[in-house]
Amino acid sequence: MDGEDRRPEARIGSATQAFVTHRNLLFTVAYEMLGSAADAEDVLQETWLRWVRVDLDAVRDQRAYLIRITTREALTRLRTLRRRKESYVGPWLPEPLLTAPDVAHDVELADSVSMAMLMVLETLTPTERAVFVLREVFDLNYDDIAAAVGKNAAAVRQTAHRARAHVAARRPRGDASPAEIRRALEAFQLAIETGDLQGLMNILAPDVVALGDGGGLAKAALRPMVGADRVARMLEVGLPRVGGELAAQPAQINGGPALIIRLDGRIDHVLSIRIDDGMIGGIYIVRNPEKLSRVERETVVSR
């Protein structure tokens, strides 16, 4: 009788151990598919509820099986998110994550969670996005991916080829050495803190693009801003200096350089930058207060 009582506890204990072991990876899978940490956490909750009912003795590869459940849950939520984004006020940007410095050492992982890459992934279909993330970032084999997305392996191969070509055609350059990144971020911080328009112009690429996400809850440009002059003037005018104390804190957001802007000690927005050939080629400004909770503490991403 005692043995029968312990078996369910042992099974749940084994399931819990496996889930905890892979939790950061599963979060990263869900986040890369959704661009939303809040929704990724909800997906993990659903993954756990399904995982704890699985017969573990029948599972060949626990990592692959957990990724399969997470992917299916994320695909369901991704379709819901797409409908929600249709009524979103202004540009939609991913929820920024404060990431640990060591993420930058894994170049592929840092690139995969970057604001620039997540925006490219937004242009894929849900299935293409899932296949690309699972194959290119997490190196799952085609059979496991097929099980996750409900397709056969041949169809998955075709989807992977199509997604890779799509991403390659739209992926920003974003090539910069650590020294170039440091110099550009320091110059950007100085220009932002001093309101130096010429200083901004000196570090912005001629074709720089700035996207702002206020979500209708905070002031932000309702369409992309293109060109160094327009972007510099938008930043000069848009920063909330009057009536408050502005502080720009260097940070690593989504594996890349960024500034966390505080007004009177409160986080007002995040400025993530993409650096091309030593110049700032992309700026991602998140002001929607509902998206700023993950920049208060580090989020662990892994693969």
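This is a predicted model: local features need pLDDT of at least 70, side-chain atom pairs count only at pLDDT 80 or more; totals for chains, interfaces and linings use all residues.
Helices here are DSSP runs of H or I with at least four residues, and strands are runs of E with at least two, both numbered from the N terminus. By that rule, Gln158 sits in helix α8, which spans residues 153–170.

Residues are numbered from 1 along each chain as its sequence is written, and side-chain values use heavy atoms, with hydrogens and water left out.

Buried means under 20% relative accessible area, exposed over 50%, and partly exposed in between, with a 1.4 Å probe and protein chains only.

| Residue | Relative accessible area | Class |
|---|---|---|
| Gln158 | 55% | exposed |
| Arg287 | 16% | buried |

The C-alpha atom of Gln158 is separated by 9.8 Å from that of Glu128, 30 residues apart along the chain. As for Arg287, a polar atom of its side chain lies 2.9 Å from the backbone oxygen of Lys219. Contact means heavy atoms within 4.5 Å. Setting aside neighbours within four places in sequence, Arg287 is in contact with Asp213, Gly214, Ala218, Lys219, Asp268, His269 and Leu292.

**A helix pair**

Axes are lines fitted to C-alpha atoms, for helices over the stretch in contact, and angles run from 0 to 180 degrees between N-to-C directions. The axes of α6 (residues 126–137) and α7 (residues 142–149) come within 10 Å, crossing at roughly 145°. From α6, the residues making the contact are Thr127, Ala130, Val131, Leu134 and Arg135, while α7 brings Tyr142, Ile145, Ala148 and Val149.

**The sheet**

Now for the strands, where two count as paired if DSSP finds at least two bridges between them. An open sheet of six strands runs in the order β2-β1-β6-β5-β4-β3, with mixed pairing. At its edges stand β2 (225–226) and β3 (246–253); each has a single partner strand, so one side of each is left without a neighbour in the sheet. Further in, β4 (residues 256–263) and β5 (residues 266–276) pair in the antiparallel sense over six bridges. Within this region, Arg262 stands opposite Ile267 in β5. Helix α9 (residues 178–194) packs on the sheet and touches β3, β4, β5 and β6 (279–286), its direction making about 20° with that of β4.

Technical notes. A polar contact is a pair of N or O atoms within 3.5 Å; within protein, one must be able to donate a hydrogen and the other to accept it, and residues adjacent in sequence count only if both atoms are side-chain atoms.
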